[in-house]
Amino acid sequence: MPTLTRIFNFSAGPAMLPLPVLEQAQRDLVSLPGVGMSVMEISHRSKTFENLLDTAIADIRALAGVPSHYRILMLQGGATLQFSMVPMNLLAPGTTADYVDTGSWADKAIKEARKVGAVNVVGSTKADGYTRIPAAQELTLTPGAAYVHITSNNTIEGTEWKAPPEVGPAPLVVDASSDIFSGPIDVGRFGLIYAGAQKNLGPSGVTLVIIREDLVGRAPASVPIMLDYKIHADNNSLYNTPNTFGVYILGLTMTWLRSQGGLEGIARINQRKAGTLYAEIDRTGFYRGTARKDSRSLMNVTFRLRDEPLEALFEKEATAAGLDGLKGHRSVGGMRASIYNAFPEEGVDALVQFMREFERRRG
Ligand SMILES: *Cc1c(COP(=O)(O)O)cnc(C)c1O
């Protein structure tokens, strides 16, 4: 397809999808083989769609080793709606939810939970500009907490938990929007995992929720039906019309992920990609990583130029060279290279090449 040149897209989300996924969607867009209709035109209650949904869920279960006492849901409203749904379902009156404040998304989750009930911020790295993940001994957990909420990867600040914290008997809830399935995950450590799909799973408009069965059915009767996990669990995420096209693309992306060697395979690739980029950032001091080394994200690589006024030029020339979306989030500035699962290794090599060339000319 010579006229459809694709550039390297470092966008933080929605982000790059695997090319084979886009190509298959394009081939099957007008008519699904054997169906004669587009996936967007068929009933969500048809056998065809139920098969697509069930296959996607089965692939997720196999890829991540999701135990049978967990339910896998495909919801709408993004990760942001989960900021509300989690406390509306799990934060019963008279109980307290613990939140770890590691970045702007964690802060937003905290603000929504406070509208629902009692929240205890049990650790925060805000005073350090969110440049690191707190150590286990910095967390002062509430005995008997309804749950403990963490953000596994801080998309804006470029930090990532290397392992989930030990939180005792309280269910651990994780916003994994920006690093879900970037490597193996021990689902049994969590009570609830949620992620907007548009970073590592597929297009926007689908939210993956993996919830332990004993946490389903706890919402008080006053909770609107669409915000109750039980209605979605009882109806296999088909209580109302789901984002059928989004689920279809997510399913294709899971098939692609299997072809990469599953979560172990993709972890090796992600280590290599991030390793190459951080090595270049650390090479001379012309560039500088903004996250503390032990907290660096494999998904969102944040960095600055030693000479900060050069950053605008860096970004402009990078864009002209086909390296798009490198401008850091407006709240932190600098650069951010988002290199999720689907971001190709050649794109990282191209960025490193560009960084060296830029340093040679401007250093
Ligand atoms: C992108 C992101 C969100 C917001 O996701 P939406 O699907 O747009 O609501 C929340 N948390 C994290 C960690 C994110 O990266």
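Buried means under 20% relative accessible area, exposed over 50% and partly exposed in between, with a 1.4 Å probe and protein chains only. This is a predicted model, in which local features need pLDDT of at least 70, side-chain atom pairs count only at pLDDT 80 or more, and totals for chains, interfaces and linings use all residues. Residues are numbered from 1 along each chain as its sequence is written, and side-chain values use heavy atoms, with hydrogens and water left out.

**View 1. Arginine 304 in strand β12 (residues 300-305).** Arginine 304 counts as buried because its relative accessibility is 17%. Its side chain makes a polar contact (N or O atoms within 3.5 Å, one able to donate a hydrogen and the other to accept it) with the side chain of glutamate 311, at 2.7 Å. Leaving aside residues up to four places away in sequence, arginine 304 touches, among them, Phe286, Tyr287, Val332 and Gly333; contact means heavy atoms within 4.5 Å.

**View 2. The largest pocket, with about 510 Å³ of space.** Of its 23 lining residues, Glu160, Trp161, Lys162, Asp179 and Pro184 are the closest to the centre. A pocket is an open set of points on a 1 Å grid over the protein atoms alone, where a 1.4 Å probe fits, with protein on both sides within 12 Å along at least five of seven lines; lining residues have an atom within 4 Å of a point. Domain 1 (23-259) and domain 2 (262-362) each give at least three residues to the lining of the largest pocket.

**View 3. The second largest pocket, with a volume of about 270 Å³.** Leu19, Ala342, Phe343, Pro344 and Glu346 are the closest to its centre among 19 lining residues. Helix α7 gives the largest share of this lining, 3 residues.

Methods: Grid points are joined across faces, edges and corners, and a volume is the space filled by probe spheres set on the points. Domain bounds come from an automatic or database domain assignment. Helices (H or I, at least four residues) and strands (E, at least two) are DSSP runs, numbered from the N terminus.
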